[in-house]
Amino acid sequence: MKIDVSSPAAPAPVRRSFLRDNPSVLWFMGLLGLFTLGVTVLSEGMGVGVISTSLVKVLGMTLCLCLIAVAMDVVWGYCGILSLGHFAFFGLGGYAIGMWLMYARTEIVIRDNLGRGTIPPTEAEVSEAVAAQIFGVVGSSELPLIWSFAGSLPFQLAMVVLVPGLLALVFGWLAFRSRVTGVYLSILTQAMTLALSLYLFQNDTGLRGNNGLSGLQNIPGSLHLPQSVISVWFFWASAFALGAGYLLFAWVVSGKFGSVIKAIRDNEARVRFLGYNVEGYKLFVFTLTGIISGIAGALYYPQAGIINPAEIAPIASIYLAVWVAIGGRGRLYGAVIGAALVSLLSSWLTGGGAPNIDLGFYRIVWTDWWLVLLGLGFVLVTLFFPKGIGGLFDYLVRKS
Amino acid sequence: MTRLPRTALFLACLILPLLLMLRPAPLAAQDASPLQDVLQTVQEQVASPSRAQVGTVLDALQAADAPGTPDFLTRWAAREVYERPEDGLFFYAAEGAGRDLTLIDIDTGAEAGTTTTRDVNQIRVNAGVRREIEAALVSFELLAPDPARRSAALASIARSPEPDQIPALEAALAVETDAAIATRMARLLDLLNARFASDSATRVAAIDGLSGDISTEARRALNQILSTRSEFATEIPEGTNVARIRVVGEDIDLIAAYERLSDAGLAQDRPGRNAIRDALRANVVDGEVAGIPVHRLHTDEMRREAYRALEEAGTVAPLVTTADMEAAVAQQVFFDAYLEPDSAVTDAARAALDSTRATISAWQFLGITLDALSLASIFFLAAIGLAITFGVMRVINMAHGEFIMMGAYTGYVVQTLIPDYTVSLVVALPLAFAVTFAAGVAMERLVIRHLYTRPLETLLATFGISIALQQLAKNIFGTQARPLTAPDWLAGAIRFNDIVSISTLRVGIFVMAILFLLLLLFILNRTRLGLEVRAVTQNPGMAASMGINPDRINMLTFGLGSGIAGVAGVAIGMYAQVTSEMGAQYIVQSFMTVVVGGVGSVFGTLAGAGLIGALQKGIEWFNPANTLAAQTYMVLFIILFIQFRPKGIVALKGRAAGD
């Protein structure tokens with residue numbers, strides 16, 4: 001795939017098959033497959049044990065971040081909507097699945113405990129005990145209304161898609177309908193994220209306030225399996241989701257639909273004058289990416305083990321934009337590179353993995369200086385390499 | 001005089017330190033004869049006090065009003081006064097080793113030699129005399145010539161009111177000359193009478209005197225009179241002062257009502273769900289309960305069935321059905337009764353409290369309004385710099401919050417160098433402006449200048465700067481919050497009454513916000529720079545052809561906006577705490593203020609700040625415990641608001657709108 005950002009008026013290519021038109025998709029799938037195979041073979045749970053379980057989890061989480069970065073790239077790099085709210089959808093997906101994980105696991109534990117008595121527990125007793133166990137930290141023992149179906153996996157899986165999707169649909173409809181564009185839209189999406197995180201921070205909204213949901217790494221029904229095996233499963237799931245998402249988005253942005261949304265990015269008014277329903281296109285892209293973000297979140301948080309409202313804070317969504325910008329907007333693999341590189345580098349440097357550098361007169365401690373470096377590096381990328389790291393591939397392609 | 005309890009002594013101890021501070025100037029002290037001389041005129045009565053004679057001593061002391069009298073009275077009552085038999089003089093004493101005593105002169109407090117307990121007589125005051133002395137102490141202070149001492153005595157009575165203080169207060173009120181103190185005394189007397197007076201008429205009169213009084217102490221006294229306890233009986237006993245009757249099922253839950261009966265032993269205990277389960281558990285025989293296999297007991301119906309079977313066999317207490325409960329409860333009346341038996345008094349108190357309700361709401365509304373104004377001025381301060389850079393230049397500056405932080409840290413550093421808070425504030429304000437102005441200009445020159453055609457990327461680049469600056473501040477100043485102390489003249493609070501008060505600092509911030517507004521309006525509308533800024537904003541190309549250098553104007557505008565953020569940072573730092581993240585807390589709100597208000601307008605920002613501040617406080621009023629909820633709803637409101645007025649409250653029209 002070669003999308004030239006600077007010249008939207010590229011000559012229309014002859015109609016060929018989708019994959020032949022987008023060789024980068026094949027490349028990406030191949031690399032992703034190899035990577036997945038490699039990690040599996042080297043993992044602790046399924047292979048020789050070179051890669052520790054925690055590293056498998058980090059890699060799996062990184063794949064989820066790559067997926068949301070691809071979604072962000074579509075909405076921003078292709079459609080020109082700088083959304084600072086996609087991490088809200090990510091978090092909502094995580095909360096939706098987290099509710100089932102937490103409820104179902106607590107229920108198993110409670111049934112086990114109560115079942116030891118001579119008389120089997122009634123349903124009411126079980127759900128009361130579960131509620132007391134989950135909501136004890138926020139001083140409540142009643143199950144909030146939104147947890148009514150938390151015990152049902154299909155329902156909560158539907159919520160993973162429906163909640164972010166509906167929020168994106170309603171918010172997008174409101175915002176696009178009144179033609180809020182550009183930086184205003186960015187601020188509005190940021191306000192939405194802020195409102196959501198403030199809402200979740202409250203203890204009485206039924207999602208455990210700032211405690212968030214925890215213990216998500218324990219999968220009900222597989223409690224007997226070691227984390228090392230579960231981590232590989234989730235890694236596979238994340239890799240599959242990233243592959244499928246990449247394919248979906250590559251298909252969406254190619255072809256006529258892709259041309260229209262790129263045109264919207266480049267000159268919205270002109271597209272509208274040509275008779276296209278700009279709002280409809282934008283709403284579709286916004287909602288679709290919102291849903292994919294939710295799915296990414298639903299895969300991410302069981303690996304992270306805990307979700308709390310701080311994850312949804314506006315800054316997270318800005319970081320998402322930073323990843324995409326560093327990786328290179330307007331090319332899907334750029335988003336993957338940016339997200340993987342920055343998030344892995346960040347966890348390596350702030351996790352104390354990197355050696356500190358002694359300059360004699362000053363000691364550079366990476367945990368202190370990484371953010372300074374990232375910030376300044378980001379400014380430099382914005383100023384001098386607007387195409388990001390992905391732009392380097394253009395040079396390679398041109399040379400060959 | 002009536003009996004005084006021991007608390008009066010405690011009271012005296014409270015008064016004394018105050019009195020020592022307020023002791024009149026030495027000149028006045030010289031006029032009065034020394035305490036020792038006064039005591040010598042009634043030497044016998046002091047040395048061997050009796051109830052019949054103690055009045056003489058107190059009268060003499062009252063008449064002379066020598067300095068140190070209250071102290072003497074306290075110590076006298078506490079048996080800490082000694083008489084030297086040789087010359088009949090009185091001393092205080094400090095105990096040394098063994099039987100040694102160090103005598104202390106009553107007037108000067110200086111040591112007057114050592115002796116042993118054998119050589120001096122400790123004056124033993126019996127309980128009756130002590131009460132007289134303590135009562136005298138209160139009235140002594142209430143009758144003291146110094147108004148400050150009288151006020152202090154009143155304050156201490158207000159802190160711990162006792163019925164025994166009524167006569168002393170009445171006597172003092174009769175001779176009080178100072179109008180303000182007399183008013184205060186009369187009110188205190190009302191407060192005491194309302195609660196403690198013996199006859200109903202006096203109390204009702206006193207309560208009527210308190211009606212319309214919105215002070216906390218008056219309302220507390222009235223609420224105390226109106227305190228109730230929950231009771232039930234087959235018939236309401238004669239003479240009960242009923243506050244309200246509770247209807248079962250409406251005001252009181254049927255189960256709760258029944259449980260109160262069973263707690264009182266008037267009805268049989270009701271086995272709850274847990275009790276049923278425990279009873280079944282105790283009666284498991286061969287995996288069955290009354291013939292029902294255990295594994296089927298997982299619903300409430302089955303459990304109740306098993307329990308009934310047990311009940312028929314007589315092994316467990318019978319189940320109590322709803323009908324049983326209703327029957328038992330129907331025989332009783334549940335009601336709340338006032339602790340105060342006299343209904344005239346409680347009616348008067350209720351009326352007095354009701355009469356204050358409207359006034360209190362009005363004051364509370366005023367308080368909310370002041371809070372909202374204060375919050376609005378903080379939002380305005382935080383957002384006004386942004387209104388210039390974002391509104392006038394259309395540049396999104398995500399590092400704006402970090403400029404606020406830089407200003408606050410400048411204030412902190414200045415304060416560590418200059419210890420005087422007032423001077424350091426005077427130095428810090430312009431310095432903060434200078435520092436952030438320079439930072440803003442540097443940022444504009446190095447980064448933003450290159451991105452004028454790419455506004456979304458400005459947002460990201462300035463965000464990069466923002467995280468770098470934040471981390472730098474963390475590296476330099478550490479993660480813990482730094483104090484930025486306001487000078488003393490800004491540290492207090494302005495109190496209107498017990499309901500409304502506002503801290504002086506908030507008033508200061510409000511004044512500062514207004515000054516900034518005026519300054520900015522002046523710069524934009526009345527100066528050459530302002531004219532050029534507006535020209536460049538509206539049409540840079542045309543402005544340039546008129547000889548204005550847009551680069552220079554952009555740079556200065558950006559510097560001005562950043563500089564104002566720095567000054568705002570000093571103010572916000574005094575109000576909140578200085579941390580590396582303080583800017584980030586304001587950035588989203590600031591953007592919303594600007595967007596809601598209308599981009600490109602100073603008045604718009606003012607309106608936006610006012611709206612957001614009022615909204616947040618208004619929502620908080622409905623749900624005071626939950627500021628988070630208030631913020632959430634506020635943000636939701638803003639999202640909806642922008643739907644209907646996408647250009648904000650004050651929308652620019654015509655070419656200036658720049659669409």
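What percentage of the 400 residues of chain A count as buried? In this predicted model, the share is 46%. A residue counts as buried here if 20 or more other C-beta atoms lie within 10 Å of its own C-beta atom.

The overall form of chain A may be considered next. Its secondary structure consists of 15 helices and four strands. Along the principal axes, the C-alpha atoms of chain A occupy a box of roughly 80 × 60 × 50 Å. A compact globule with 400 residues would have a radius of gyration near 21 Å, and the 23 Å found for chain A agrees with this. The contacts within the chain can also be described by separation along the sequence. Among contacts in chain A with a separation of 6 or more, 76% are between residues 24 or more positions apart.

Attention now turns to chain B, beginning with a sheet. Strands of a sheet pair through backbone hydrogen bonds, in either a parallel or an antiparallel manner. In chain B, five strands form an open sheet in the order 4-3-2-1-5, and their pairing is antiparallel. Strand 4 (111-116) and strand 5 (121-122) of chain B stand at the edges; each has a single partner strand, so one side of each is left without a neighbour in the sheet. Strand 5 of chain B pairs with strand 1 (residues 81-83) of chain B in the antiparallel sense, over two bridges. Within this part of the sheet, Glu83(B) stands opposite Asn121(B), which belongs to strand 5.

In helix 14 (residues 273-282) of chain B, the residues Ile276(B), Arg277(B), Ala279(B) and Leu280(B) are buried. When one looks down the axis of helix 14 of chain B, these buried residues fall within an arc of 165°, so they line one face of the helix. On the other side of helix 14, Asn274(B) and Ala282(B) are exposed. The cover over the buried residues of helix 14 includes strand 8 (288-289) and helix 15 (300-313) of chain B.

Helix 14 also takes part in the meeting of the two chains. Where they meet, 43 residues of chain B are in contact with 42 residues of chain A. On the side of chain B that touches chain A, the elements giving two or more residues are helix 14, helix 20 (455-477), helix 26 (582-597) and helix 28 (627-644) of chain B. Helix 20 of chain B gives the most, with 14 residues. By class, this side of chain B has 28 nonpolar, eleven polar and four charged residues.

Key
Residues are numbered from 1 along each chain as its sequence is written. Chains are lettered from A and ligands numbered from 1 in the order in which they are written. This is a predicted model: local features need pLDDT of at least 70, side-chain atom pairs count only at pLDDT 80 or more; totals for chains, interfaces and linings use all residues. Two strands pair if DSSP finds at least two bridges between them. A residue is buried if 20 or more other C-beta atoms lie within 10 Å of its own, exposed if 12 or fewer, and partly exposed in between; C-beta atoms are placed from the backbone. The arc is that of the directions from the helix axis to the C-beta atoms. Two residues are in contact if their C-beta atoms, placed from the backbone, lie within 7 Å. The radius of gyration is taken over C-alpha atoms; the globule rule is 2.2 Å times the number of residues to the power 0.38. Ala, Val, Leu, Ile, Met, Phe, Trp, Tyr, Cys and Pro count as nonpolar, Asp, Glu, Lys and Arg as charged, and the others, Gly among them, as polar.
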